[in-house]
Amino acid sequence: MRKLTEFEKYVIEQKGTERPFSGEYYQHDAQGVYCCKKCDATLYRSESKFNAHCGWPAFDDEIEGAIRRNIDADGMRVEIVCAQCDAHLGHVFEGEQLTANNIRHCVNSVSMIFKPIDELLDDSKNTELATFGGGCFWCIEAVFSAIQGVSKVTSGYAGGKADDANYKAVCSGNTAHAEVVQIAFDPREVSFENLLEVFWQSHDPTTLNRQGNDVGPQYRSVIFIHNEQQALIANKMIDDLTKAAAWPDPIVTQVVAYDGFFAAEDYHNDYFERHGEQPYCQMVVKPKVDKVKALFADRLK
């Protein structure tokens, strides 16, 4: 989360409004994406921006899943917030016939930060993905979020179909999904091998479809492979750990091809950070986080 100024807090956290025609991005027309000022989540693409002559930046489309709508307390307007962190963005209006999409997201400039296309291209060249399942994603998200070189960790589901990718269905154990985290990382700062070292230490890779009291195929130990290099590294590490008898029981971690990721419901994100005092977090999550911190202190942010 980015540290906010007092005025940014007023708009983003207290649902204030900047003065019309005063915002940095009101007449901004560069190519790139507009991201949440608080958590850096991508919100809008530049091609969706248009001049509505209203005094604030206007967009007629959003990046899928980026925006959540709430009815204002007076019931008169529809507020828009960042789906990832609940930062107040502005309001949305329909039926004005200003563009073919017939919708206007009226957004405070101060609620956003712009990333030009050149910067995005550079970032994409230096960012890779890793997708791991090792039990409850509340635990492993908290672990990997602390690692230097990791830019984003998203809880979600992998290994099944989109129709069943929701918490209730996955918790039944009747879908093919595993609870996973998808990790965006810079290989110049932290390698895939480094991430796997943390992965082995953050869960028990010898228990089939189980992590402690969490039982079911959704809690299986699994590495979803994004490319051939990851497959070679993961399989070699499993062979080396097996030969070294790192655990008294055989490793049951699956190494399977990545076939899609479905982000979990918003309330799962940063769960340990937001609910650290809950009994489950204190008894299950915190000991795992503390263990990894002790082992990999030199790699923490």
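**View 1. The whole chain at a glance.** What you're looking at is a predicted model. The protein chain has eight helices and 17 strands. Of its 301 residues, 49% are buried. Take the contacts between residues at least 6 apart in sequence: 67% of them join residues at least 24 apart.

**View 2. The six-stranded sheet.** Follow the strands across this open sheet and the order reads β16-β15-β10-β12-β11-β17, with mixed pairing. Why is one side of β16 (254–257) and of β17 (261–263) left without a neighbour in the sheet? Both strands stand at the edges and each has a single partner strand, so there is no neighbour on one side. On average, and ignoring direction, neighbouring strands in this sheet are turned by 35° against each other.

**View 3. Zooming in on β11 and β12.** Strand pairs in a sheet are held through backbone hydrogen bonds, and the pairing can be parallel or antiparallel. Strand β11 (residues 150–158) pairs with β12 (residues 178–185) in the antiparallel sense, over eight bridges. To find one spot in β12, look for Glu179: this residue is the bridge partner of Tyr157.

**View 4. The three-stranded sheet.** Another open sheet has three strands in the order β2-β1-β9, and the pairing is antiparallel. Its edge strands are β2 (42–45) and β9, and each of them pairs on one side only. From one strand to the next, the twist averages 30°. Five bridges join the antiparallel strands β1 and β9. Who stands opposite Tyr34 in β9? That's Phe114.

**View 5. A cluster of rings around Phe114.** Five aromatic residues form one cluster: Tyr25, Tyr34, Tyr44, Phe59 and Phe114. In total, the structure holds 13 aromatic pairs. In the pair made by Tyr25 and Phe114, the ring centres are 6.4 Å apart and the planes meet at 50°, so this pair is tilted. The two come from distant parts of the chain: Tyr25 sits in the loop between α1 (6–12) and β1 (32–36), while Phe114 belongs to strand β9 (residues 112–116), 89 residues apart. Are these two residues buried or exposed? Tyr25 is buried, with a relative accessible area of 6%, and Phe114 is buried as well, at 13%.

**View 6. Phe132 meets Phe144.** Phe132 and Phe144 make up a tilted aromatic pair, 5.6 Å from centre to centre and with 50° between the planes. Phe132 is in strand β10 (residues 128–134) and Phe144 in helix α3 (residues 137–145), so the pair ties together parts 12 residues apart in sequence. Phe132 counts as buried, at 0% relative accessibility. Phe144 is buried too, and its relative accessible area is 0%.

Notes. Residues numbered from 1 in each chain as written. Predicted model: local features only at pLDDT ≥ 70, side-chain atom pairs only at ≥ 80, totals over all residues. Heavy atoms only, no water. Phe/Tyr/Trp six-rings, centres within 6.5 Å; stacked < 30°, edge-to-face > 60°. Helix = DSSP H or I, 4+ residues; strand = E, 2+ residues; numbered from the N terminus. Buried < 20%, exposed > 50% of the residue type's maximum accessible area, 1.4 Å probe, protein only. Contact = heavy atoms within 4.5 Å. Pairing = 2+ DSSP bridges. Axes fitted to C-alpha atoms, helices over the stretch in contact; angles between N-to-C directions.
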